[in-house]
Amino acid sequence: MNSILFLSVNPFETRVAMREKSRLVSYRAERHRTSSVVGNLYKGRVTRVLPGMQAAFVDVGLSRDGFLYVREAGGILDDFTDIFRVDDEPGPTEDLETDIGDLLRQGQEILVQVVKDPIGTKGARLTTHITLPGRFLVYMPSVVQLGVSRRITDDEERARLKTIIEQFGGGGWIVRTAGEGQGEIELEADRRYLLNLWEQVQAAGEKTHAPSLVHRELSPILRAVRDTFTLAIQEAWVDDEEAFEEILEFLEQTDPTLVPRLKLYRKSTDLMSAFGLDRELEKALRPKVWLKSGGSLVVNQTEALVAIDVNTGKYVGTKSLEETVYTLNLEAVGEIVRQLRLRDLGGIVVIDFIDMEEPAHRLGLYEALETELETDPARTQLLPMSDIGLIQLTRKRTRPSLDRTLSRECPYCHGSGRIKALPTICLEIRRELLAAAAADVSDQVSLVVHPEVSHYLQGPFRDLMRELDEVHGLRVILRENPLIHQEQYEIIG
C-alpha cells in the first residue's frame, strides 16, 4: 500500500498525518498544553464508590476525577499492584455478577491506566487492566494470555509468532501489527524492554503516594512512530531536526530496517501545507463530502451518535435506478470508512444508504462495508442492515474527534447548528414592544438590534414598524449594534 507518514513538530503542537493511496486517512493534533494522558499510569485514590452505576471516581491528580467501571476494576485488592488485563484484548470472561462495592472502597489506593482522555465535562476513563505497549509487543503483567493482532491475517505467520511468544512466560503477551515479519531476536529484545519497564513502574508505585503519576507515555512524536510507522509505510517525513534525531535514535534501537525510510523536511514552508494536507483537512471539517461520481455524504456528529446520510446529488447513472443506487452506495462505502478514520468518529454510527430493493445488492453492500472496515485500526462492530436500509456500527473511541479537537462550540448557536430566523426575532420584538406599550411606559422607545435585524425591520418587515406606530401609537427609533448577537435586542424607554 502506498502510505506516507507526516510528522510536524513545533513548540506548541505535534501533528501527525497519514496518506494512503494519495488520500489523507488519518490526522492527529496534540497541543502541548493539553497533551493526551492516554496510556499514563497513575497511583490513584478512590474518592467515591457508586453502587447504582457500578462504577467509582478515582483521584489521579488531574483536574477532574477519573471514572472506573466495574468491568475495568475486576479483582482489585488492597495492594495497588494487583492488576489485570485490558479489556481490548481477548481474555477470560469477566464476572458480570461482581459488585463494585466488593472491589473498591473509599480512600483505597490503586494503580490505574488512562484509556480515554477527559472530554468536555467528563473525566478520564480509567482501567486497572494495565497494558504496556512496545514496538512489536503489548505486555499485560498479571494475565497469562497470548494473542496475535487480528490485522495479521496470514495463518502461517500467526502460528509462527504464537510459537515465539509461547516461550516468553511472565504474564500476557500480544503481538502487534508491527510485529509481522519480525524474528525471534527482535521480539525478545522488545520483551526485555517491557519487563524492565514494568519493574520501573512497580518500583515507582511503591515509593509514591496517591494521587501521583507513576509512568508517562512516550512523547507524542515517539508514540506516533511506535504505533503507526510500520513496514507498510513507504516513507516518513519530519520537519524538525531535533525530533528527527529523537526518532532516528528510537528506530535504531527498536527497528533499524525503517531508518532509511525516515526523511528530514528541510524547507522553510510548512510541511502539511507543502504536501497539500491542510486543504484536505479543511474539507474534513465540513458536514458535506462530495464523491467522485457526483453523489455526496452528509456527516452529522451529535452527543448520542454519528449520522451519515448518502445522497445521489448530481449522479444520475446510466442504467436502471436500482443499478444507479447500488453503484453509488458502493462508492460511498470507501469514503465513509475514510471519514470515520480521518475524523476520529467513535461510538454509535448510523449510516443511511440510499434504498435498494434487491436482496443481493443489500448483501453485497454489507459485505463491502465489512471488508472496508478491516482497514480501520480502531475496533468496530458491524450490525446487519435493517429493513429500512439503515446500517449501525460501533467504533471504539479513545480520544476526542477531529471536529472537537480543531474547532469550538459556536458562540451564536451554542452547538445546535442553527439560530432563530429573522422573522422569528422580529415577531418576538413586536410582542415585547406591545407589552411595553400596554404598561404605558412611554409612547416612544429606542430599540437596539443587530444590523441584520434592523435591515429586516426596515425592509421585508417594515409593515410591522408601521403597525406599531399607526395602530398602537408606539414610535420606535431603531439603533444598530453589530457587536451583539442577532437574537439579542434592547428596549430603552
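Tutor: Buried means under 20% relative accessible area, exposed means over 50%, and partly exposed is in between. Keep that scale at hand. This is a predicted model.

Student: Where does Lys-420 fall, buried or exposed or partly exposed?

Tutor: Lys-420 has a relative accessible area of 36%, so it is partly exposed.

Student: Which residue forms a salt bridge with Lys-420?

Tutor: First the general idea. Side chains of opposite charge can pair when their charged atoms come close. Here the partner of Lys-420 is Glu-428, and the closest N and O atoms are 2.9 Å apart. Glu-428 is buried, because its relative accessible area is 19%.

Student: How many salt bridges does a search of the whole structure find?

Tutor: The search finds 24. Take Arg-135 and Asp-255: their closest N and O atoms are 3.6 Å apart. Arg-135 sits in the loop between β9 (132–133) and β10 (137–140), while Asp-255 sits in the loop between α5 and β15 (262–264), so this pair ties together parts 120 residues apart in sequence.

Student: Are Arg-135 and Asp-255 buried or exposed?

Tutor: Both are buried.

Student: What does Arg-176 form with Asp-227?

Tutor: A salt bridge, with the closest N and O atoms 2.8 Å apart. This pair also links distant parts of the chain. Arg-176 is in the loop between β12 (172–175) and α3 (184–207), Asp-227 is in helix α4 (residues 220–228), and they are 51 residues apart. Now use the scale. Arg-176 has 18% relative accessibility, so it counts as buried. Asp-227 has 32%, so it counts as partly exposed.

Student: Let me turn to charge over the chain. How many positive and negative charges are there, and how far apart are their mean positions?

Tutor: The protein chain has 60 positive and 78 negative charges. Their mean positions are 3 Å apart.

Student: Which residues gather in a patch of negative charge on the surface?

Tutor: Glu-241, Glu-242, Glu-245, Glu-246, Glu-249 and Glu-252. Take Glu-246, which is found in helix α5 (residues 241–254). Glu-246 counts as partly exposed because its relative accessibility is 33%.

Student: How do I read a buried residue in a helix? What is Leu-197 in contact with, leaving aside its neighbours within four places in sequence?

Tutor: Start with the location. Leu-197 lies in helix α3. At 9% relative accessibility, Leu-197 counts as buried. Beyond those neighbours, Leu-197 is in contact with Leu-132 and His-215. Now compare sequence with space. Leu-197 and Glu-157 are 40 residues apart in sequence and 28 Å apart in space, C-alpha to C-alpha.

Student: Which residues of helix α12 are buried, and what covers them?

Tutor: In helix α12 (residues 451–458), the buried residues include Pro-451, Val-453, Ser-454, Tyr-456 and Leu-457. Their cover includes α11 (422–438), β22 (444–449), α13 (462–470) and β23 (475–480).

Student: On to the backbone. Where is a peptide bond cis?

Tutor: Read omega. The bond from Ala-210 to Pro-211 is cis, with omega near -5°. Pro-211 is found in the loop between α3 and β13 (212–215).

Student: What is the phi of Gln-54, and what is the phi of Asp-344?

Tutor: Gln-54 has a positive phi of about 50°, although it is not a glycine. Gln-54 lies in the loop between β4 (41–50) and β5 (55–59). Asp-344 is another residue other than glycine with a positive phi, near 55°. Asp-344 lies in the loop between α8 (321–343) and β19 (347–352). With a relative accessible area of 11%, Asp-344 is buried.

Student: Now the whole chain. How many helices and strands are there?

Tutor: There are 13 helices and 24 strands. The C-alpha trace spans about 95 × 65 × 55 Å along its principal axes. Of the 493 residues, 44% count as buried.

Student: What share of contacts joins residues at least 24 apart?

Tutor: Take contacts between residues at least 6 apart in sequence: 68% of them join residues at least 24 apart. As for the surface, the chain exposes about 25700 Å², and carbon and sulfur atoms supply 50% of it.

Notes: Residues are numbered from 1 along each chain as its sequence is written. This is a predicted model: local features need pLDDT of at least 70, side-chain atom pairs count only at pLDDT 80 or more; totals for chains, interfaces and linings use all residues. Side-chain values use heavy atoms; hydrogens and water are left out. Helices (H or I, at least four residues) and strands (E, at least two) are DSSP runs, numbered from the N terminus. Buried means under 20% relative accessible area, exposed over 50%, partly exposed in between (1.4 Å probe, protein chains only). Contact means heavy atoms within 4.5 Å. Accessible areas come from the Shrake-Rupley method with a 1.4 Å probe; for residues, only the protein chains shown count as cover. Lys and Arg count as positive and Asp and Glu as negative; His and the chain ends are not counted. The place of a charge is taken as NZ of Lys, CZ of Arg, CG of Asp or CD of Glu. Patches are made of residues with over 30% relative accessible area and no salt bridge: like charges are joined within 9 Å, nonpolar side chains (Val, Leu, Ile, Met, Phe, Trp, Tyr) within 5 Å. A salt bridge is a side-chain nitrogen of Lys or Arg within 4 Å of a carboxyl oxygen of Asp or Glu.
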